[in-house]
Amino acid sequence: MNISLNIAGALPLSSFVQPQYLIGMAKKLLFYRCPVCHSLVELIDNGGHSLTCCGQSMQLLTAKTEDQADEYHLPVLKHRSGLLYVEVGKKPHPQSEDHQITCIVLVTKQTIRRSDIKSNSPATTVFTDKDHGDVYVYCNVHGLFKVSF
Ligand SMILES: [Fe+2]
């Protein structure tokens, strides 16, 4: 796996810091997947350049906001005592090596928090609760899902 950002010439690191984030605009998080090795990349902002991995352009994932009839991908949220409990699906999702939820990501105006989920572990996590946000779930077979609150 060799992930790179294709840019013309070297830019200083400060070129990638978006000043609007410092004054409170909502964070924008993009998810890319390599079509060959299936590596997953979270990108805050790439300024319009393409990402490559394994010699090919990485695919921008679009989060699904509805589940199919199986109902085991959309995150189910419970706000309780200042905490946000996230459980993936109305039915338990398989958590084998070949088919699993690999991460749950909370994106709010101020923060991005990711909980990595191991195989053979339940697809659940707990974050500090927020007023508004997006919760993303990535399944290594079925892709990206999102619920907003
Ligand atoms: Fe799945």
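This is a predicted model: local features need pLDDT of at least 70, side-chain atom pairs count only at pLDDT 80 or more; totals for chains, interfaces and linings use all residues.
View 1. Let us start with a pair: Ile-104 has Ser-115 as its bridge partner in S10. Residues are numbered from 1 along each chain as its sequence is written. Strands (E, at least two residues) and helices (H or I, at least four residues) are DSSP runs numbered from the N terminus, and two strands pair if DSSP finds at least two bridges between them. S9 and S10 are joined by 5 bridges in the antiparallel sense. Beyond residues up to four places away in sequence, Ile-104 also touches Pro-75, Val-86, Val-88, Ile-117, Thr-125, Val-135 and Val-137; a contact needs C-beta atoms, placed from the backbone, within 7 Å.

**View 2. The four-stranded sheet.** Follow the order S10-S9-S12-S13 to trace this open sheet of 4 strands with antiparallel pairing. Strand S10 (112–116) and strand S13 (143–148) stand at the edges with a single partner strand each, so one side of each has no neighbour in the sheet. On average, neighbouring strands are turned by 15 degrees against each other, direction ignored; axes here are lines fitted to C-alpha atoms (for helices over the stretch in contact), and angles run from 0 to 180 degrees between N-to-C directions.

**View 3. Strand S12 and its two partners.** S12 pairs with S9 over 6 bridges, in the antiparallel sense, and Cys-139 of S12 stands opposite Ile-101. On to S13: this strand and S12 are also antiparallel, over 6 bridges, with Lys-146 in S13 as the bridge partner of Tyr-136. A hairpin of 3 residues links S12 to S13. Because 5 of its 6 residues are buried, S12 is largely enclosed by the rest of the structure; buried means 20 or more other C-beta atoms within 10 Å of a residue's own, exposed 12 or fewer, and partly exposed in between, with C-beta atoms placed from the backbone.

**View 4. The largest nonpolar core.** This core holds 23 residues, and Ile-101, Ile-104, Tyr-136, Val-137 and Tyr-138 have the most contacts inside it. A nonpolar core is a set of buried Ala, Val, Leu, Ile, Met, Phe, Trp, Tyr and Cys residues joined through C-beta atoms within 7 Å. Two or more residues come from each of strand S2 (30–33), strand S4 (51–53), strand S8 (83–88), strand S9 (101–107) and strand S12 (134–139). Domain 1 (4–60) and domain 2 (75–148) each supply at least three residues to the core; the domain bounds come from an automatic or database assignment.

**View 5. The three-stranded sheet.** Here is an open sheet of 3 strands, antiparallel and ordered S7-S8-S11. Strand S7 (75–80) and strand S11 (124–128) are its edges, each with a single partner strand, so one side of each is left without a neighbour in the sheet. Neighbouring strands are turned by 20 degrees against each other on average, direction ignored. S8 and S11 run antiparallel and are joined by 5 bridges; Tyr-85 has Val-126 of S11 as its bridge partner.

View 6. The protein averages a pLDDT of 84, and 81% of the residues score at least 70.

Terms used. Two residues are in contact if their C-beta atoms, placed from the backbone, lie within 7 Å. pLDDT is the predictor's confidence in each residue, from 0 to 100.
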